[in-house]
Amino acid sequence: MKKHMVRRIKNWFSSQKLKGKVRYLFLGIIGLYITLFIFIYIFFIRKSMLDYTLESNYNTMISIGNNLNSEISTINSMSKLLTADSNINTYLLKDKPGTRYSHNAITSMYDITNTFNYVSSVYLYRLDGRYVHITNGITIVNQYILDEEEWFREIANARGGYILGVNGRGAFFRKSGKPLVSFMRIINDIETQEPIGLMVINLSDEILNDSYKDMTSNDKQFYYYDKNLKLINQIIDSKLESEIVINNKLFDQKTIGSLWNEKILSYYHIPNTPFIIAGIEKMSYMHIIPSEATWIIVLLIMLTIISLILIGLFISVYITTPIERLVQSMDIAKRGWLRRVSLKLPDDEIGHLKNSYNNMLVAINQLINELLENEKSMQKAELDVLQEQIKPHFLYNTLDTIAYLALKESSEKVYDSIETLGNFYRRFLSKGSKVIPIREEVAIVKDYLKLQKLRYDDIIQDEYDLCEDLLDVHVPKLILQPLVENSIYHGIRLKGEKGLIKITVCQIDDFIHIVVYDSGVGMNKEQLKQIMQDNNKSFGFKGTIERIRYYYGKEDVFEIKSEEGLYTQIDLKIPL
Amino acid sequence: MCKVMIIDDESAIRKLLKITLEKEDLGLDIVGEAASGIEAINTIDNYKPDIAFVDIRMPFMDGIEFSKLAIKRYPRLKIIILTAFNDFEYARDCIGIGVCEYLLKPIAREEIRETLTKLMKEIKMEKKEEEWEEEIEGSSNSIAKIKEYIVINYQNPEINLSSIAQQYGFNPSYLSRMFKNKTGIGLNDFLTQYRMEKAISYAKKGKLMYLTAKEVGIPDPNYFSKCFKKYTGKIYSDYSRSSLFE
């Protein structure tokens, strides 16, 4: 199936025109570039960025914790100033604190807290449940909180230390709904070290927000959880919240989401506090990758595309378009016009191709002309022979001879002669075919000689020595009769004696030899030389030889022997 | 009566023509035949024809050549050229030399009759004006000169009684009679005799007949062999063969 597909694609590609191929090749290269870029991005850049982010996260978390702890230790210092304050101690120690004492205590509390940030309200409890407070905004107080033993014990158990809690662990809440971070401690008598009161410093949630303020960005958000894993200060997407799983590990982080929407979730138990900071960071690679680098990559891709287009244009202008035009011009040859291509093409390989093609056409045209000329001369020679015989001279004289026979001889002889004449002409024209079996050639000669004998008083004697196996070989028609005619008119009749014409067909090596022998007057050397000359009267001979030469494509097709006054012998050598 | 001679190399055609003419019954007398122009030159003086049928295509001396000679020697002789249609170019030459009648082969009786009728009328008119024979006196010492002329020119196939008569200003018939009176042999016979004697000597040397024929002024070997046989009573080849064995 796969192989099949590959083959189909291959076939499709190779069936495309050159232009199309180049186009598809470029598209493929551009696609490959982009794919490669994405691959590099995912598996190298992304991975290193992710590692870097994960590592820096831990540091960020620790630094947030330090920020918070440092603020809280500031608050702790402030609380020590408060516990050491005489007005506050007086208020806590007096059995019956009057308005004056409480007023003094509040003044001290204002004075001391004034210089510190984040203080939302301060509550100072006597052990008898009376209390004074200063506050920023409206804070609702649970009046009976001191009666809750568990709440109080937990603070007392800190033994002069502080504990932290959200909204005073249920003692306070702000009317605005904003959470408060409560700093709570027992106040001991300086001398006896016995608990004399309780102090709660409520801090606004700014203390939490400020601890990570510098670290947040659009892609990075922090959230505080209390020790009950309740979100303290912010609203969070419930779907995202469900992803945040906090356990007992001090620090942990994980990545969620898909490649293009990746988030890193992390949390950190801040030491000395009941708080847990959680961070959600969106991986934004475009931000991680410097924009200069992005520009360079984009530029590189653009350059690549531009250079590909330029190469494409070059190929189109200098290669495919000229080839296309050349092909169009060459297509004319399909319609049978072997005309040369007259295009203006650059003087490169394609120009050379055109020139070679033109040269080839010239050569082909020459060959065709040659062939045509050969064919013409061959046909002319054939026609000459036909004309020579069909011409009325032979026919009319023969007819007169037969007319005489009709008057003087038996009707049998007349019938025989007319039949011979008919046979001769039928074979002679041989249905227009160019080649006929040797058998037919011989038959033509036999009829011809029979008719000539009638005309010339039996001066001719004919003999045949034929190899039966060769008689069905086809030869160009009418190669024998002209030679026999020459034997009569240029050989035997000039001698004034009865003459012999002998036809021999035999095989020697790879040649069929068709030999015409006559015991006529023969030829001297000069006549032998002249026989192949154009102006010779017996053109029957020359035409016949030319036709045989052309038909078999070789020069050496005959041998002529003669002795003056004795004989002439023409030996045609026909290749088997 | 008009005398007719037929000169054609094909005996069948000669015979056909002869039969045709006899059947037409135009008052013609076929006095002689010849199978070639050479034979005709040698025999025409014996026949003295008024009309000659001449085939245009013959070996050794074709119809045109013969006609040229004949017109020169026998100005009153009417020549009818026999030709096949495609010899028309040939036939045009006939007009050039003064022959104005020709017949196309194959022979058509109608045409022959028309042509002959026309010619016979002309001949009748001419015969009224002058007779064929006209006596011209010649000196007897001419005979020796004529003999010498023959000895020198016997190889020329064109010489015959008429040409010699013309040469020496005699009427051919007169010359013939005078020659016979003085020498006891006809002039033509003398010429033939001389040629044959030469031929015999060649034959004895084993020379091929057609070459001997050419050599002695009868280049038509067929006619030569006829003459040879008539003169010697033997066939040339027998003569040359037997002489070779001697």
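The model is predicted: local features need pLDDT of at least 70, side-chain atom pairs count only at pLDDT 80 or more, and totals for chains, interfaces and linings use all residues. Residues are numbered from 1 along each chain as its sequence is written, while chains are lettered from A and ligands numbered from 1 in the order in which they are written.

Let's begin with chain A. An unreviewed UniProt entry places the feature "transmembrane region" at residues 24-44 and 293-320 of chain A. UniProt positions are given here in the numbering used for this model, feature names are shortened, and annotations may be inferred rather than shown by experiment. Residues 24-44 of chain A are 100% helix and 0% strand, with end C-alpha atoms 30 Å apart. Residues 293-320 of chain A are likewise 100% helix and 0% strand, and there the end C-alpha atoms lie 38 Å apart. Helices (H or I, at least four residues) and strands (E, at least two) are DSSP runs, numbered from the N terminus.

Next, look at how helices of chain A pack. Helix α2 (residues 18-84) and helix α4 (residues 99-113) of chain A meet at about 155 degrees, their axes 10 Å apart. Axes are lines fitted to C-alpha atoms, for helices over the stretch in contact, and angles run from 0 to 180 degrees between N-to-C directions. α2(A) and α4(A) are therefore roughly antiparallel, a label for angles over 145 degrees, with under 35 being roughly parallel, 65 to 115 roughly perpendicular and the rest oblique. Met78(A), Leu81(A) and Leu82(A) of α2(A) make the contact with Met109(A), Ile112(A) and Thr113(A) of α4(A). Two residues are in contact if their C-beta atoms, placed from the backbone, lie within 7 Å. By class, this contact has 5 nonpolar residues, 1 polar and no charged. Ala, Val, Leu, Ile, Met, Phe, Trp, Tyr, Cys and Pro count as nonpolar, Asp, Glu, Lys and Arg as charged, and the others, Gly among them, as polar.

The contact of α13(A) with α14(A) divides into 8 nonpolar, 3 polar and 4 charged residues.

Now to the partner chain. In the contact between the chains, 23 residues of chain A touch 25 residues of chain B. On the chain A side, α12 (392-408) and α14 (438-455) are the elements giving two or more residues, and α12(A) has the largest share, 11 residues. That side comprises 10 nonpolar, 5 polar and 8 charged residues.

Chain B has 12 helices and 5 strands, and 41% of its 246 residues count as buried. An unreviewed UniProt entry places "modified residue: 4-aspartylphosphate" at Asp55(B), which is found in strand β3 (residues 51-55) of chain B. Is Asp55(B) buried or exposed? Asp55(B) is buried because 26 other C-beta atoms lie within 10 Å; the cut-offs are 20 or more for buried, 12 or fewer for exposed and partly exposed in between, with C-beta atoms placed from the backbone. Leaving out residues up to four places away in sequence, Asp55(B) touches Ile7(B), Asp8(B), Asp9(B), Gly63(B) and Leu82(B).
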